[in-house]
Amino acid sequence: MALIVHKYGGTSMGSTDRIRNVAKRVAKWARAGHQMVVVPSAMSGETNRLLALAKELAPAKETESYSRELDMLAATGEQASSALLAIALQAEGLESVSYAGWQVPIRTNSAYTKARIESIEDTKVRADLEAGRVVIVTGFQGLDELGNITTLGRGGSDTSAVAVAAAMKADECLIYTDVDGVYTTDPRVVPEARRLKTVSFEEMLEMASMGSKVLQIRSVEFAGKYRVKLRVLSSFTPWDIDINEEAASGTLITFEEDEHMEQAIVSGIAFSRDEAKISVLGVPDKPGIAYQILGAVADANIEVDVIIQNISKDGKTDFSFTVNRGDYAKTVDLLKEEVLPKLGAQEVVGDTKICKVSIVGIGMRSHVGVASKMFRVLSEEGINIQMISTSEIKTSVVIDEKYMELAVRALHKAFELEQAPA
Ligand code: ASP
Ligand code: MG
């Protein structure tokens, strides 16, 4: 007997038929003797529908009072789906009770629409489990110090589930979703992309942060920090498939020392079109320059990703970095108006038609020549590399966005990702 957390995404909860299916699946696990906590998302489309209603009444504002009401509103989606699931479970003949985040409670800070979980009190949930109930806990929401309802950001139910699993020291957290696991890359770009049986949590973090949108990135961070055994699997298999087969399906997020990990050097290829490149040209090459440029950018709450500075010629250098595409105009304006005059730099230029392609794999730590192979593959395709950045387990390049698919396909093939490692 184990304590298991299941999380079901919006599509899996998308209609009463689907909710009934979820209930049957959960009932199967409960009848196999497991203690079950289930964390559902709102029914698909519901969060968007609610937020759109708010915008009909007043355009989006970043004020605290407006954000507070968005959370008050959006949290109802999960409250409804949780109650419906409890009702469906009761109809299956199981005892079941649902709790909203504030009833557990799941305590968060007060950053409305992107709150962070601070603690979870599990006394009530434990007592219900001991009494033989299946407990449903709403995803996505919590309670701040002052008793306000908060939400954890879009996709936040993943994080709720992992946090509940961590707090309760669950044996495993299974994230049921509309894909059957984590792939070597997006199968829409590379049809030969292969589902990974395992992926390390560090790799997952790199892939999630670069636009492989299977899990909310914060849930992966949480799983890493609290060592939650996490699995991503499909909710579209028949609910009555063999429980052992189901328990071994999908993709398991592992920790490096686990020996059953696949031994690939490169595990996956991530890509994103979300960035734009900015260069400050003719910057005096002296101490404090990076700080003057990026300090101003950070003060404006703009996130910076890849950064490069060239060697200087005649005491001048060029400084380039990438930001989210949505922050591009704001960053350029800021640099032109506030930073250039102080710096004595010549010019700010930028490009929004770029993309970032990355190879990710913990095997890169112990193998040389992986990055150079990537550069060779790109050069054979005639793709010019504009920027490069590396970490221990990742090499990213910034290239023209029109070559994104070509680059991803060529790299997927060159690193033989369509084949399972021996
Ligand atoms: N319902 C929320 C959303 O749509 C949270 C979630 O589904 O994870 O973002
Ligand atoms: Mg999701």
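Predicted model: local features only at pLDDT ≥ 70, side-chain atom pairs only at ≥ 80, totals over all residues.
Trainee: How many bridges join S14 to S16, and do they run parallel or antiparallel?

Mentor: Strand S14 takes in residues 275-284 and S16 residues 316-324, and one of the pairs between them sets Pro-284 against its bridge partner Lys-316 in S16. The two strands run antiparallel, and the number of bridges that join them is eight.

Trainee: Which residue has a side-chain N or O atom 2.7 Å from an oxygen atom of ligand 1?

Mentor: The residues that surround ligand 1 include Ser-41, Glu-78, Phe-140, Arg-154 and Gly-156. A polar side-chain atom of Ser-41 lies 3.0 Å from a ligand oxygen, whereas Gly-156 places a backbone N or O atom 3.3 Å from an oxygen atom of the ligand. The side chain with an N or O atom at 2.7 Å is that of Arg-154.

Trainee: What percentage of the area that ligand 1 exposes when taken alone does the protein bury?

Mentor: The shell around ligand 1 has two nonpolar, five polar and two charged residues. Taken alone, the ligand exposes 260 Å², and the part of that area buried by the protein is 87%.

Note on methods:
Residues numbered from 1 in each chain as written. Chains lettered and ligands numbered in written order. Heavy atoms only, no water. Pairing = 2+ DSSP bridges. Helix = DSSP H or I, 4+ residues; strand = E, 2+ residues; numbered from the N terminus. Near = heavy atom within 4 Å. Polar contact = N/O pair within 3.5 Å; in protein donor to acceptor, adjacent residues only side chain to side chain. Areas by Shrake-Rupley, 256 points an atom, 1.4 Å probe, with all protein chains shown as cover. Nonpolar A, V, L, I, M, F, W, Y, C, P; charged D, E, K, R; others polar.
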